[in-house]
Amino acid sequence: MRINDVILRTVVKVVIFIILTLGVNLFFSGHNAPGGGFIGGLVLASGIILLYVTYDIDTVQKKMPFDFKKVAALGVLIATGTGLGAIYLDVPFLSQTDGHFQFPFIGDKHLTTVTLFEAGVALTVIGTLVTMILSISEDE
């Protein structure tokens, strides 16, 4: 029998938006300022874990049906692919290029291929951290 946690669920609906927004902001600011894929991934993973703590695992799995082991593997593949792409183009490993792109709600952003690498790192961190927490929760 679950206790009535209306206050927790109401607060989490607001807080999760703030956490996920902060995680995305940290991710995008990473190649010009402190932040990036690792810390952005940690913040995003903490938001996902907060959902698992607030709601039960089955409820969150229905709304977000990801296998986080595959998310981590995809992240490693993307991060490795950026380095191999540089080798394919006959430049040193993990060499970068850049450009300016227009995003809705965000505006003009200067992005580099490091952003792809950072996306791989973020996905790896999210997948690994959420998988570890779910594994720990199964060992009750």
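In this predicted model, the axes of helix 4 and helix 5 come within 7 Å and cross at roughly 155 degrees. Angles over 145 degrees count as roughly antiparallel, and helix 4 and helix 5 are therefore roughly antiparallel to each other. Their crossing is left-handed.

Which residues make this contact? On the helix 4 side they include Phe68, Val71, Leu74 and Ile78, and on the helix 5 side Leu116, Phe117, Ile126 and Val130 are among them. Sorted by kind, the residues of the contact of helix 4 with helix 5 are 13 nonpolar, eight polar and one charged. Lys69 of helix 4 also takes part, as do Gly120 and Gly127 of helix 5.

Now to the core. The largest nonpolar core holds 13 residues, and those with the most contacts inside it include Ile48, Tyr52, Met64 and Phe68.

What does Tyr52 touch, leaving aside its neighbours within four places in sequence? Tyr52 is in contact with Ile57, Val60, Gln61, Phe68, Val130 and Leu134.

Finally, the chain as a whole. The protein chain has five helices and two strands, following the pattern α-α-α-α-β-β-α along the sequence. Its C-alpha atoms fill a box of roughly 60 × 35 × 25 Å along the principal axes. Of the 140 residues of the protein chain, 34% count as buried. Among contacts between residues at least 6 apart in sequence, 60% join residues at least 24 apart.

Conventions: Residues are numbered from 1 along each chain as its sequence is written. This is a predicted model: local features need pLDDT of at least 70, side-chain atom pairs count only at pLDDT 80 or more; totals for chains, interfaces and linings use all residues. Side-chain values use heavy atoms; hydrogens and water are left out. A nonpolar core is a set of buried Ala, Val, Leu, Ile, Met, Phe, Trp, Tyr and Cys residues joined through side-chain atoms within 4.5 Å. Buried means under 20% relative accessible area, exposed over 50%, partly exposed in between (1.4 Å probe, protein chains only). Contact means heavy atoms within 4.5 Å. Axes are lines fitted to C-alpha atoms, for helices over the stretch in contact, and angles run from 0 to 180 degrees between N-to-C directions. Helices (H or I, at least four residues) and strands (E, at least two) are DSSP runs, numbered from the N terminus. Angles under 35 degrees count as roughly parallel, over 145 as roughly antiparallel, 65 to 115 as roughly perpendicular and the rest as oblique. A crossing is left-handed if the near helix is turned anticlockwise from the far one by less than a right angle, and right-handed if clockwise. Ala, Val, Leu, Ile, Met, Phe, Trp, Tyr, Cys and Pro count as nonpolar, Asp, Glu, Lys and Arg as charged, and the others, Gly among them, as polar.
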